[in-house]
Amino acid sequence: MLDVQGVEKRFRSGADEVLALAGIDLHLDRGDFLTVIGSNGAGKSTLLHVICGVLLPTTGRVRLGGVDVTCAPAYRRARRISRIVQDPMKGTAPSMTVAENLALASKRRGRTLRPAISRRRRAAFVDRLSDLGVDLTTRLDDPVSTLSGGERQALAVAMATLSCPDLLLLDEHTAALDPKNAERIVELTRAFVEESGLTTIMVTHNMDQAIELGNRLAMMHKGQFVHEVRDEAKRRARVCDLVELFSRRHVADDELLLDPA
Amino acid sequence: MKRGIAGLAVGLLIVAIAVTGLGAPIRIGICKIVEHPALDANERGIIDALTAAGYVEGKDVEYILASAQGDPNNSIPIAQNFLAKGVTLVVAISTPMALAAVEVFEGTGVPVVFSAVTDPVAAGLVLDDDDSSQNGNVTGVSDLIDVAGDLALLKELSASVRRVGIVYNPGEANSARLTTIAEAAGPGLGLSVVKAVADTSANVPAAAQSLVGRVDAFYVTTDNTVVSAIDAVIAAAEEGSVPFLMADPTSLRFGPVLATGFDYYKHGLLAGDIVLQILAGKKPNQIPVVYQTGAEIHLNLDAAARIGLEFPASLIDRATGIFFGGASWLRSGD
Amino acid sequence: MGSILIHAAEQGFAYGIAALGVFITFRILRFPDLTVDGSFVTGAAIASSLLTSMGVDPFLALAVAFGAGCVAGAVTGLLHTRLGITDLLAGVLSMIMLYSINLRIMGKPNISLLRVTTLSDVVEKALSPLGAVALLVVLAGLTFLIKLVLDAFFRTEFGLALRATGDNEAMIVSQGVNTKSMKVFGLALSNGLVAMSGALVAQYSGFADVGMGVGTIVTGLAAVIVGGSLIRSRRIGWMTASVLVGSLIYRVAVMFALRYGYLIGFQASDLKLVTSLIVIVALVIPTVRERLMRKVGSC
């Protein structure tokens, strides 16, 4: 499904060069759900950006479904990749309505001069929202700017799933929410991914999430994968194991250790 | 001649009294494209001509003055407002203003008198400038300057002048037209014209500099863009030690060697005279377009000294004004 | 009085089409596009040249002007998206280039349309039973038609993507939209409308002047902002309606400044000052009303 080979990404900051990704190799099979943890600056978000095309790698290749997409622009990859970002303000068009946002997400290629919101599509939006248990069905015509952060992120999940993508990228998509909303969004995500069997990468700071969700777990440090568990091993993993791993790697990170358990 | 003018004035006075006898003052709308010394003088000349003929402002005649403030988009609303206010006659100063007045007053029977229009035929204001019978309810005064005469003056100033540099803005209707005329007239006088374009005042210095060393004289017509940056052309002419003729007498003291042109106050008097003829009962199509003649010649002796130039006596004799020792001296020729 | 209001309304609609163009760049795309000062004249220049030299149909001249404006806008868009020139500078460069191009199209700085058949002539002849309001009816109808087409367009899949490009570019990229193409398209559409407005104004005024585009951006923005402050809605239909209302208010302000300015002691040279003061009043009214309501509410 997804093949990342020898990807490096360097950023220039003044005279210095920062190596954000230092040789990443990653292979996901269809239906894989990978959670990625790591300290700040480990390169987790950069990796997602390279996969979805917002950033181009300095070296290395990215293949999606067997097709080399290393140099394809982000908008073209977006036809097959859905992404939910951390900031609820960034994942939706604020001055447009809920229905308009859903309409934007429901078709990712060949946009025509047909009305974007037909009666049939409206009904489909209501179905999708109630399937997901998102309580926005009565607010289809409200501008997104009037929604709370949690509601916007729920909408973002609905949007990410509308177009039936091949790959779903979750970039700390619950980090900006309060614990209750975060839990709701995680539930939403889990339900959807399990039901659709979507190939998914989720970056998170929350170790419990990382352990609960998905069939694979990887830890990043200084632009590299330093540890990975999958399937049976992952099911047996505990938070304390991960913390120990971190310590052993001398990568102990206060934030990670203090994350709510 | 003097008696003739006096007689005309008396005649007009009688007409004026007859008109005033009717009671309410007549309304005249006077509009101009922008506030500018020449156009302001033009406006004053029109009013003074009527006042001199006995039309007392406020009693016999009421003036509605308007300016488009440099924006051609304002010209139509101004004309429409004149129409709504029921003016009996419109005086439109400048080409866009005249075009707007003619468009709005078409078919209303209200006469339009234009002023400070360079080429009324090319602008479509009138069909024929001599034979006015086919013209509509429109006539006026043209300020087409005597370009060939100006070029001849440069030749008279110094026989060695062969290449004349013109700085101009192709976006200004008058200037573009005059430059074309100069190009056509040059060869007949043994002169070639070298053009330099400045689309804004800020670009005048570069345009003028580009001509230094390539021309034997500078010439600037009635070009508002160039006039507002005239110092740059003067500097370029002095750098090249060549004479500079400017077709705007009001700019003489700034330092061109030679200035020619019309007195726009007198231009206004001519337009005022047409207004008086119409008020006296003539139809606009009975009045041919008037081309102002008798351009004045002004000499700047200080500027000439700076480039080591002496004026021939023939020129000094004909000069209306002379700038010398930092001050203007007017000749009381008439 | 009545005829003056009719004329102000005619101008409000004719310039309103340009204001709709400015609305598309400033409000929808959030792209500060200065091309319009040039493309307005391009429309006027193309239409006048076609009318005087070939005697084409006045309505066809509008369509050709629209096309020329689209090209001008697309150039700005390509300068920005393909060559990476900043938005403001790309617009300024296009505007400057258009000055020379407009002069080339016209051949001289001012073209008179007094002796050719213009849209006003056609309309006044065809709709003579309507009398003084014939032209107003046609201009209002044409402008409204354009408004309705725009409204419908902005509700299509494509139009929605254009709106989202201005609203949240990063988000709409991740929904598979090529925002560079969207910007080029939006700028083309905007400048097409502005050029069409220029062609309409030239035919209405009886002349095209190379200096008539100066300030298109300012009056267009004034219409967008004044209308937007009076009608505060996020619905696209109301937004475009507010632009036309703003344009009408601006032209009425000019007319009032001309007609009644003298009553408060203003003279000819104060035209722009009075116009702006009237626009300021229109802008402030909603704020004052809101403040009054709040005061009443708190009492």
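I take helix axes as lines fitted to C-alpha atoms over the stretch in contact, with angles running from 0 to 180 degrees between N-to-C directions. Helices (H or I, at least four residues) and strands (E, at least two) are DSSP runs, numbered from the N terminus.

The model is predicted, and local features need pLDDT of at least 70, side-chain atom pairs count only at pLDDT 80 or more, and totals for chains, interfaces and linings use all residues. Residues are numbered from 1 along each chain as its sequence is written, and chains are lettered from A and ligands numbered from 1 in the order in which they are written.

**Entry 1, chain C.** I looked up helix α2 (residues 36-54) and helix α3 (residues 58-81) of chain C: their axes come within 8 Å and cross at roughly 145°. I then listed residues in contact (C-beta atoms, placed from the backbone, within 7 Å). On the α2(C) side they include C:G38, C:T42, C:I46 and C:L50, and on the α3(C) side C:P58, C:A61, C:A65 and C:G69 are among them. The contact divides into 11 nonpolar, six polar and no charged residues. Here Ala, Val, Leu, Ile, Met, Phe, Trp, Tyr, Cys and Pro count as nonpolar, Asp, Glu, Lys and Arg as charged, and the others, Gly among them, as polar.

**Entry 2, chain A.** I found an open sheet of four strands in chain A, in the order β2-β1-β4-β5, with antiparallel pairing (strands pair if DSSP finds at least two bridges between them). Strands β2 (16-28) and β5 (67-68) of chain A are the edges, each pairing on one side only. Helix α1 (residues 44-52) of chain A packs on this sheet and touches β1, β2 and β4 (59-64), its direction making about 65° with that of β2(A). Strand β1 (residues 2-13) of chain A pairs with β2(A) over 10 bridges, and I noted A:D3 opposite A:H27 in β2(A).

I counted 12 helices and 14 strands in chain B. The C-alpha atoms of chain B fill a box of roughly 65 × 45 × 35 Å along the principal axes.

Two pairs of chains touch, and chains B and C have the most contacts. I found no contact joining chains A and B, whose closest C-alpha atoms lie 35 Å apart.
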